[in-house]
Amino acid sequence: MLNMQNVTKIFRTDLVETRALSDFNLHVKEGEFVTVTGPSGSGKTTFLNIAGLLESFDDGVYDLDGQNVRHLNDTQRSRLRNEKIGFIFQSFNLIPDLDLFDNVDVPLRYRGFNSSERKRRIERCLELVGLANRMKHLPAQLSGGQQQRVAIARALAGEPRFLLADEPTGNLDSKMAHSVMQLLKDINDEGTTIVMVTHDPSLAREAKRNIFVKDGKVSDVTHITASTPEQVASISASGACHV
Amino acid sequence: MLPFSSWEIGPIFRAMTRNKVGAVLIALQVAVTMCIIVNSVHILMERTEQMARDSGIDEANSFYLSSTGFADDFNDQVVIQTDLDAIRALPGVIDAMQINAIPISGGGWSMGLQTQPGAEFEGVGTAVYMVDDHVLNTLDLELIAGEAFQPSDIRWRERSQRDWPAEIIITRALTENLFPEQSYQDTVGKTLYINDDEPVIIKGIIDKLQAPWVGWERLENAMLSPEQTLFSSSMYFVRTEPGRLDELMPAVEQMLADSNKGRVVRGLRSMQETRERTYRRDQAMIKILTTVMITLTLVTALGIVGLASFNVNRRRKQIGTRRALGASQASVLRYFMLENFLISSIGVILGAVLTVGLNIYLVQSLGLTKLHWWLIPVGMLTLWLVGQLAVLGPARRATATSPAIATRTV
């Protein structure tokens, strides 16, 4: 599904070069639920941006669903993002002036679906996240958890094969976070590949695999078989990067 | 290219209704601008058309000047005849005559002509030009029916004299006003009445000659009366060969001044200068209105640029999110262009109503003519175009927004 080999990303200013990712290697199989953890500044967000085709990279190979994305132009990258990737952001990133229906509609319009097809998908996805009765509400009229559910509905509406979540529970209390996490697991169980960046170890253990990123490299890959936080924490660093 | 159904017209409109202050202000600005610009263009067109009207004479090669005698032995009749013979004999002069008033100059003589005698009948107003038999050649007029004046038709007129010559030549416009049911050819030989009951016969019809008053609604009503005036001052009208005007104007003035020291020669002016002086206020109005239109358009365009720039900056994260969700750069550009198009559309529709309203007011209160209907769609298209051009810069900046902004938390 996602295959990165020796991906390097360098941020340059007039005075400084910063290697945000250096020889980053990762392979995510179809249907996996992978969490990405690591300290601040380790390169998690840069990885997420590159994985989601939001940023270009300087070196290496990145195949998404079998397609090398390195030399795609902006329009091709936009189309690929729209068709294959669903995004869930920490701050939900809903458009405040649009009601829930129109918010979920945003990526569907870029896909070029006709209005009846868009309506069918929007209603189904808002039903899935339990907000079908709030379609005409504005984001500001919802709680944080509900807003994130709308964002998930928006991410799912295009039926992407690959869901990228950036700290999706970072702005939620624990109860809402658990609810959103359960929703993501349900979505993964339906076959959607999910890569989720998180700071929260307890969320990381709920995935099938955890990638630990440090200094722009994958420094640890953990297959989650344990079910308690103590077991998760006891898994030691190995330095391996390929699964 | 996405299908039209995928364009975000509905969401953009709904979003605008929820955050409408800026959009409403710009729409109002577009409406007021359109209202003022379209009515200004209408006034400009009207003025320009008025200024472009043909006076009927050879303005480019004509000038005039006056002679006022003061010496005790000054004989008007002799001097006038001598002066005209001398002017006509100058190389480069096509012809010359004495005239009592100058077309489009602002000052002249008017009378009423009627087709039936009696004070109970209302006359048709006309400018009166007292001229001699050289008039057609001097003014370069076209006789389209009847006959020209002969030397024997010309009489001398004292200042206190009240009667009129037996025959006159009138313009085609005047004969059509007097005899609306008849063709102008058939009116030659008909009797008109001046001073209620004094008969004059139409000897000929000329195609066109404007009156001295350019603001008069019957500007082309003019009559030629075959007489030379013995007033305190005589005005000579001179037509030169093409290209000789500048040379002959001072030459004629000097010749007249030298030929008789018992008079003052003054008021030397070309017809081109007369036209320029007559329409000076209209020219000034055209410049002022043009300046106002350009300024208003620029202010509106800047307002659109300002609102669009503000929106781009305010929505940078939103643009990044849209890009992350699959919006191409073209989609972002289209979003802002469409948003402006909708605002401009509201503005121009309101502007069309305001434009018609202002025109009705101007027609009723200032006597302006009705607006040409096609100016409204042209005004709408212009304001749409101005809006789209104004928003292009900010919209292009918006397309440069990186989709990676979507994942930034600040």
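View 1. In the predicted model, residues 21–45 of chain B are 100% helix and 0% strand, with end C-alpha atoms 36 Å apart. Residues 341–362 of chain B are likewise 100% helix and 0% strand, and their end C-alpha atoms lie 30 Å apart.

**View 2. The largest nonpolar core.** This core holds 41 residues, among which Met34(B), Phe336(B), Ile343(B) and Val348(B) touch the most other members. Two or more residues each come from helix H3 (100–111) of chain A and, in chain B, from helices H1 (9–18), H2 (21–52), H8 (280–314), H10 (329–366) and H11 (375–399). The element that gives the most to this core is H11(B), with 10 residues.

**View 3. The surroundings of Ile343(B).** When neighbours within four places in sequence are left aside, Ile343(B) is in contact with Met16(B), Ala23(B), Ile26(B), Ala27(B) and Leu307(B).

**View 4. The packing of H9(B) against H10(B).** Helix H9 (residues 316–324) of chain B packs with H10(B) at an angle of about 135 degrees, and the two axes are 10 Å apart. Angles over 145 degrees count as roughly antiparallel and those from 65 to 115 as roughly perpendicular, so H9(B) and H10(B) are oblique to each other. Their crossing is right-handed. Gln318(B), Ile319(B), Arg322(B) and Arg323(B) of H9(B) meet Gln329(B), Val332(B), Tyr335(B) and Phe336(B) of H10(B).

Terms used: Residues are numbered from 1 along each chain as its sequence is written. Chains are lettered from A and ligands numbered from 1 in the order in which they are written. This is a predicted model: local features need pLDDT of at least 70, side-chain atom pairs count only at pLDDT 80 or more; totals for chains, interfaces and linings use all residues. Side-chain values use heavy atoms; hydrogens and water are left out. Helices (H or I, at least four residues) and strands (E, at least two) are DSSP runs, numbered from the N terminus. A nonpolar core is a set of buried Ala, Val, Leu, Ile, Met, Phe, Trp, Tyr and Cys residues joined through side-chain atoms within 4.5 Å. Buried means under 20% relative accessible area, exposed over 50%, partly exposed in between (1.4 Å probe, protein chains only). Contact means heavy atoms within 4.5 Å. Axes are lines fitted to C-alpha atoms, for helices over the stretch in contact, and angles run from 0 to 180 degrees between N-to-C directions. Angles under 35 degrees count as roughly parallel, over 145 as roughly antiparallel, 65 to 115 as roughly perpendicular and the rest as oblique. A crossing is left-handed if the near helix is turned anticlockwise from the far one by less than a right angle, and right-handed if clockwise.
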